[in-house]
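Q: Can we go through this model together? I'd like to talk about charged pairs and strands.

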Amino acid sequence: MKRSVQPPRAPRRAFLLVAALAWGIVSTAAAQSSLVAKLDVLGAQADDPYVYAVLKVQNNSARRMGYNVDLSESYRHEFFIRDRSIEPGEERTHHLSLLVGRRGYGGISASVMDSNGQTAVVHGGTEERSFLNVCDIDAWASEKEVQDFSNAIAGGASSPGYPHRYGGASKIVAQVEPSELPDDWLCYAPYRAVLVGDSAYRRISAESRRALLQWVDGGGNLLIYGSTEPRNEKRLLGTIVFQSANPVKSSTPGDVLPSEFRHASPPWKTFLGRNTETLRSFPYHVMKRTGAMGGLIIATLFFVVAGPVNYLYFRRGNRIRGLLVSVPVLSLSFCLMITLYFVFTQGFARKGGTVSVTILDESLDSVFTFARHCVLSGLYPAGGFQFERETAFYPVAQMEDDPFTMDLTRGRRLTSGFFKPSVNFHYFSAMPYTTRERLIYDAETSEVGNGFELPIRALALFDGGSVFVAGAIPPGGKAHLEPVDTRAESRSSGSAPLVPGLEEVATLCGLDEAEKTFGFSEMQPLYGPIRERGGTQYAIVFDGNLLSVQQGVRIRGDRNLCVLFGLMEGASETTSP
């Protein structure tokens, strides 16, 4: 009998070993993300609601990759970006303006997950940067010059307002090239001042220049050094200073940097961190009972009716089995009753209102809208609070310990946090834009035309020392101006007296005391610098909200006060230092 020939075992073992090694190499390669990420925090300071971070994602694979981004600040504030793609060898830059707590930030971390499910995790620094220096990299200030500037301006780590979270001397300057600037004005929000070389300023892209000037319009301070024509320019709430010396590279930066730039803060941040008790003065704060007592009464009635009354009724007729039907029916009936009660007392509609102040410079076509909102609803909005990408948003009350999640995929969408059902939610928004809308003024005939898309409820016009008012004007319509007696002895002293013109506008619009006080007094820091400028100016109260009044959600009713302060063409201000 012949024996079968067995194949040699050594080659088979070698084959299995090679296969295992190959599988291990492939598995290891697959486990590593094809995307490389880098995160830098370029703008941040204590007591500021926003942090500016730059996330760079590079695709090292040979194929197109999709990816998602998740960001976290102190494990309390979450942000995410979805459905992004990147070509082979491409590097994608995300300029991120992130809402954080008023007491500062605790560091940013980012997780980038590719389409294979592999993740790259990176962390940003915790240095607090409150100045930005923009110039070519070969003209950047040295480490010593940055440190000297930080010590002179901020006084090192011991200076109030410029703390370094982990001790040591704080370097408060971030430096970038002009091609690396963001196209979102909110990225500049953490900075007290932006310093730009004259040659670099001329090479900034149109999108980045627009964002930078919008930040100035909102109260930012821009210094352009290397200029041969020193001068100061006013743009809405901000200032542009042209000078020859670079403060960061100067041996005496304290003398070169304008003093008002050291601790500058734009007026749109003044509403941050308000005490909860002061929020009740808002004119559209909803003072409505939540219906808790009524719900308790209905529940008590159910307990009495479905229990003893129901039992005694069926026992008297010796029909105790009827409880098997009556108890479920009563339960469903009272559940429906409670539901209807809460719908009628609280409802699913969102109640509240908005007070907004818009400032317009017709010479620049520049507009900035600031708005205070209040909303009350029994449910969290199904789609969250949706804002445009260029809209600044923050809760008015303290928010450091409130966790939230924000979607940055398209604009800014608050998906959870801050808002609590059946509690008044107060928040602030600010948004810049450009427009050709304006008021048409004929000084010879004392007439004005409405060149805006919204109807005008009333307006005041300030021409030199004269003040005029007019009533309602439809879009495209005209009205005759009536002079206002500005003599002090002719003015009535109300509980909240206003300057001549504004008092008459409030009367023509029928504003109550709370609306008048909040719209013209509380919001004064936002339009005060405009009123201090020369030239012909006007104040308008619209019937309705401008598109730039970003409420985030639809608020039921027409409870709003929309005021615009405008500078007519030729009112721009340029001065010599």
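Q: What kind of model is it, and how are residues numbered?
A: It is a predicted model, where local features need pLDDT of at least 70, side-chain atom pairs count only at pLDDT 80 or more, and totals for chains, interfaces and linings use all residues. Residues are numbered from 1 along each chain as its sequence is written, and side-chain values use heavy atoms, with hydrogens and water left out.

Q: How many salt bridges are there?
A: The count is 22. A salt bridge here is a side-chain nitrogen of Lys or Arg within 4 Å of a carboxyl oxygen of Asp or Glu.

Q: Start with Asp-48. Which residue does it form a salt bridge with?
A: Lys-269. The closest N and O atoms are 2.2 Å apart.

Q: What does Asp-184 pair with?
A: Asp-184 forms a salt bridge with Arg-412, with the closest N and O atoms 2.8 Å apart. This pair links distant parts of the chain, 228 residues apart. Asp-184 sits in the loop between β9 (173–176) and β10 (193–197), and Arg-412 in strand β19 (residues 412–417).

Q: Buried or exposed, those two?
A: Asp-184 is buried, with a relative accessible area of 2%. Arg-412 counts as buried at 5%.

Q: And Lys-516, what is its partner?
A: Glu-503, with the closest N and O atoms 3.0 Å apart. Lys-516 is in helix α9 (residues 513–522) and Glu-503 in helix α8 (residues 502–509), 13 residues apart. Both Lys-516 and Glu-503 are buried.

Q: Which residues are linked in a network of salt bridges?
A: Asp-365, Arg-436, Arg-438 and Glu-569.

Q: New topic: strand β27. Why is it largely enclosed?
A: Six of the six residues of β27 (residues 537–542) are buried, so the rest of the structure largely encloses this strand.

Q: Which way do its residues point?
A: Gln-537, Ala-539 and Val-541 point one way from β27. Tyr-538, Ile-540 and Phe-542 point the other way. In a regular strand the side chains alternate between the two faces of the sheet.

Q: Which strands does β27 pair with?
A: Strand β23 (residues 456–463) runs antiparallel to β27, joined by six bridges. Strand β28 (residues 560–567) also pairs with β27 in the antiparallel sense, over six bridges. Two strands pair if DSSP finds at least two bridges between them.

Q: What are the bridge partners of Ile-540?
A: Leu-459 is a partner of Ile-540, and in β28 the partner is Leu-564.

Q: Now the open sheet. What is its strand order?
A: The order is β21-β22-β25, three strands with antiparallel pairing. The edge strands are β21 (438–442) and β25 (478–480), and each pairs on one side only.

Q: How do β22 and β25 meet?
A: Three bridges join β22 (residues 447–451) to β25, and the two run antiparallel. Glu-447 stands opposite His-480 in β25.

Key. Helix = DSSP H or I, 4+ residues; strand = E, 2+ residues; numbered from the N terminus. Buried < 20%, exposed > 50% of the residue type's maximum accessible area, 1.4 Å probe, protein only.
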